[in-house]
Amino acid sequence: MPKDRNQKLKILYIARLLMEETDEEHTLNTEEIIARLAEYGITAACKSVYSDIEALSRFGMDIICKRGRSGGYCLASRSFELPELKLLVDAVQSSRFITQKKSEQLVKKLGALASRYQAAQFGSGVYVPNRIRSMNESIYYNIDEIHAAILANRKISFAYFEYNVYREKVYRHGGARYRVSPYSLMWNDEKYYLIAYDGREGTVKHFRVDKMESIARERAAREGHRVLEALDLATYSATLFGMFGGRSTAVTLRVQNELAGVMMDRFGYDVHMREQGDGTFLLDVTVELSPQFYGWLFGFGTQVELVAPERARGEYRRQLRAVLRQYPADTTRGGE
């Protein structure tokens, strides 16, 4: 690159040096900046460096000059503070749905928002058990396509699949494409879900984004705006267990008082609880009745009782009996 063209880029190289090489604990003095510019074939005098740094400060870069023998210029603040970047890095590294390769790429990009000294504090990554190794990176493009469809107020179509015991894809509806009105994306239990309105059935549904394939925007506009706008995503999420849908039903639970915090964590701080004076309270919530809900309930043993409705109690009893039949008493070992 010709020398005069390099000179025109001098202020940009100074900005890069300040972003990559300095922070509140590391500075570059004028002589060091001049020496580093020379590596790019740029000559500079002290006066021109002062002028460029003043211009960058007026532009909005938070550049301060530290006095003393070890003083110099540094970038004091950035768009993201170091604790914020560490939080984002931890979130990326801990996510099971992000592949190892993509996790490393994202962390490297986050590191570019800090000085090289700060980026070195991000470490080499955290161990994530049961990371989805076989998943390709199509999920990122799926998410992007869904967001684009929502912004454009368009329906989407896609193929939806599950895996069989041979790890082969088995497409729902015989491979026929789903056509829905996308509303929002939800992060639940380490997975992304699409919340959408199915106009044919007139219901709100959710789909695993990593099991959606060949997403395409349709020409038709989205439907179900009134239903979707009235949907409280926090409440909707609380009714689901393991994101398995079922029959939406109002239920009453009798719960031991020591589980009050657990119930608020699950159903929200404003959940309706009625203290009974015998060490328990009654909890009124709406849930999607499913085997996953009953499994969650069973995990509390005798600390939580499903009081009403009787139909749900009957389903729960039948499920418990079905499981118990799989574990008959072993009389040869003195089983009960």
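**Reading the labels**

Q: What makes Glu201 and Lys205 a salt bridge?
A: Their closest N and O atoms are 3.1 Å apart, and the cut-off is a side-chain nitrogen of Lys or Arg within 4 Å of a carboxyl oxygen of Asp or Glu, so the pair qualifies. Keep in mind that this is a predicted model.

Q: Why is Glu201 called exposed?
A: Glu201 has 53% relative accessibility. Exposed means over 50%, so Glu201 counts as exposed.

Q: What makes Glu54 and Arg58 a salt bridge, and where do they lie?
A: Their side chains meet at 3.5 Å, N to O, and the limit is 4 Å, so they pass. Both lie in helix H4, four residues apart, or about one turn of the helix. Arg58 is exposed, because its 63% relative accessibility is over the 50% mark.

Q: How do you know that Arg116 and Glu21 pair up, and which parts of the chain do they link?
A: The closest N and O atoms of Arg116 and Glu21 are 2.5 Å apart, within the 4 Å limit, so this is a salt bridge. The pair links distant parts of the chain, with Arg116 in helix H7 and Glu21 in helix H2, 95 residues apart.

Q: How many salt bridges does the rule give, and which residues are linked in a network?
A: The count comes to 19. Arg254, Glu305, Glu310, Arg313 and Arg317 are linked in a network of salt bridges.

Q: What makes H2 and H4 roughly perpendicular?
A: Helix H2 (residues 10-21) and helix H4 (residues 46-59) pack at about 70 degrees, their axes 10 Å apart. That angle is in the 65 to 115 range, so they are roughly perpendicular to each other.

Methods. Residues numbered from 1 in each chain as written. Predicted model: local features only at pLDDT ≥ 70, side-chain atom pairs only at ≥ 80, totals over all residues. Heavy atoms only, no water. Axes fitted to C-alpha atoms, helices over the stretch in contact; angles between N-to-C directions. Helix = DSSP H or I, 4+ residues; strand = E, 2+ residues; numbered from the N terminus. Parallel < 35°, antiparallel > 145°, perpendicular 65-115°, else oblique. Buried < 20%, exposed > 50% of the residue type's maximum accessible area, 1.4 Å probe, protein only.
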